[in-house]
Structure formats: C-alpha cells, structure tokens
Amino acid sequence: GERIAILVDSQEQNKATLQMAERLQKDLKNILRKRGGYDARILESRTDFRKGEGEYLLNLSLVKYNPGSKAARIIVGFGAGSASLDIHYELFSPREKLLLSQDDGCGTSLDWQRIARALGADALKFLRQRSQQQGAGACPSAAGYSCIAAADGSTPQGHAGNRKENA
C-alpha cells in the first residue's frame with residue numbers, strides 16, 4: 001500500500017497529554033494499516049519524515065486535551081468528569097506540500113481511550129472525504145483508491161461530522 005508517516009504533536013507536555021498522544025499514534029497506525037491498507041509508520045519528530053521518497057505525512061496536533069475525572073465518571077455519571085480532545089489534521093505530499101487541513105474534536109463520558117479510537121476513525125473518514133472531493137492525486141492514491149479507504153468503503157458507526165460527544 002501507499003506509505004504514510006504519522007506525527008502526533010502537542011504543545012503541552014504533561015503526563016495525560018503525552019499518554020493520549022501515544023495512544024492516538026498507535027490507534028491511527030492500526031486503522032491506517034488494517035482498514036486502509038497503508039504502510040503506516042510513526043515518526044518521533046518532523047525531521048524523521050522522508051521528504052521526496054513517496055511517503056505522505058499525516059500530522060496531528062493535539063490542540064486541547066481535558067482528561068476529565070475518572071472518579072467523577074464512575075461515581076457521579078451523567079457526563080460528569082467527561083474527557084475531551086480537540087485536534088488539527090494536516091496531510092502533506094511527499095514534497096511537503098500541504099494537501100489537506102481540518103480541525104476535529106471528540107468528547108466522552110466513558111473511558112478516555114475511546115477518544116483516540118474515534119479520532120483515528122475520523123482521520124480515516126476525513127481523508128476519504130477529501131479524496132472523493134478532490135479526485136485522484138489529491139491524497140496518497142494516484143490510482144483513485146480513496147485515501148485510507150477500506151475496500152468496501154465502510155466506516156465505524158457513530159462517527160459523523162466534527163466534534164462529537166460520547167465517542
């Protein structure tokens with residue numbers, strides 16, 4: 001499959017945000033490989049990107065992360081202690097030309113790991129939509145095979161639109 005490098009960065013360097021960034025990287029890599037047929041890898045830094053070697057760069061910036069309160073989620077319920085994450089996607093060509101850019105976000109009153117899975121699925125959906133809108137060559141598939149698209153075009157349930165609650 002097409003090669004795509006994943007870079008997740010954050011302005012904040014606290015333990016919870018770093019934990020979310022790591023989880024998001026792993027989930028996104030798995031989604032790209034399993035559902036999209038991509039040869040995906042995780043980058044440690046932007047300098048690890050292989051410019052000009054046929055590899056695309058998907059950069060996700062964690063804009064704002066609120067880990068919420070697990071105790072409040074368990075004891076109080078009803079949305080108390082909800083976790084949320086706002087991110088910004090950017091897809092760059094092998095020559096580092098910006099192809100796509102979009103903001104997204106997700107919140108949950110359940111386990112925080114659901115946010116990473118939901119936003120990883122949203123990245124897949126984001127790339128599919130942009131590929132369809134812009135045609136072949138707009139994403140990492142010059143042959144017209146939708147970016148990060150499953151052969152049957154399926155997407156996870158419950159991921160319609162930007163900024164969701166209860167992922």
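Read from the N terminus onward, the elements of the chain follow the order β-α-β-β-α-β-β-α, and in this predicted model they amount to three helices and five strands. Of the 167 residues in the chain, 47% are buried. The accessible surface of the chain comes to about 8500 Å², and carbon and sulfur atoms account for 47% of that area. When contacts in the chain between residues at least 6 apart in sequence are considered, 67% of them join residues at least 24 apart.

The path of the chain leads from β1 through α1 to β2, forming a β-α-β crossover that is right-handed.

Helix α1 spans residues 15–36, and its length can be checked against expectation: at 1.5 Å a residue, its 22 residues should span 32 Å, and because the C-alpha atoms at its ends lie 30 Å apart, the two values agree. At the start of α1, N14 places a side-chain oxygen within 3.3 Å of the backbone nitrogen of A16. Along the helix, the buried residues are T17, M20, A21, L24, Q25, D27, L28, I31, L32 and G36. After α1 comes G37, a residue with a positive phi, near 70 degrees.

A further site of interest is H88, which belongs to strand β4, a strand made up of residues 83–92. With a relative accessibility of 18%, H88 falls under the 20% limit and therefore counts as buried. The side chain of H88 takes part in a polar contact of 2.6 Å with the side chain of D103, and in another, of 3.0 Å, with the side chain of S101.

Terms used. Residues are numbered from 1 along each chain as its sequence is written. This is a predicted model: local features need pLDDT of at least 70, side-chain atom pairs count only at pLDDT 80 or more; totals for chains, interfaces and linings use all residues. Side-chain values use heavy atoms; hydrogens and water are left out. Helices (H or I, at least four residues) and strands (E, at least two) are DSSP runs, numbered from the N terminus. Buried means under 20% relative accessible area, exposed over 50%, partly exposed in between (1.4 Å probe, protein chains only). A polar contact is a pair of N or O atoms within 3.5 Å; within protein, one must be able to donate a hydrogen and the other to accept it, and residues adjacent in sequence count only if both atoms are side-chain atoms. The expected span of a helix is 1.5 Å times one less than its number of residues. Contact means heavy atoms within 4.5 Å. Accessible areas come from the Shrake-Rupley method with a 1.4 Å probe; for residues, only the protein chains shown count as cover. A crossover is right-handed if, with the strands pointing away from the viewer, the path from the first strand over the helix to the second runs clockwise.
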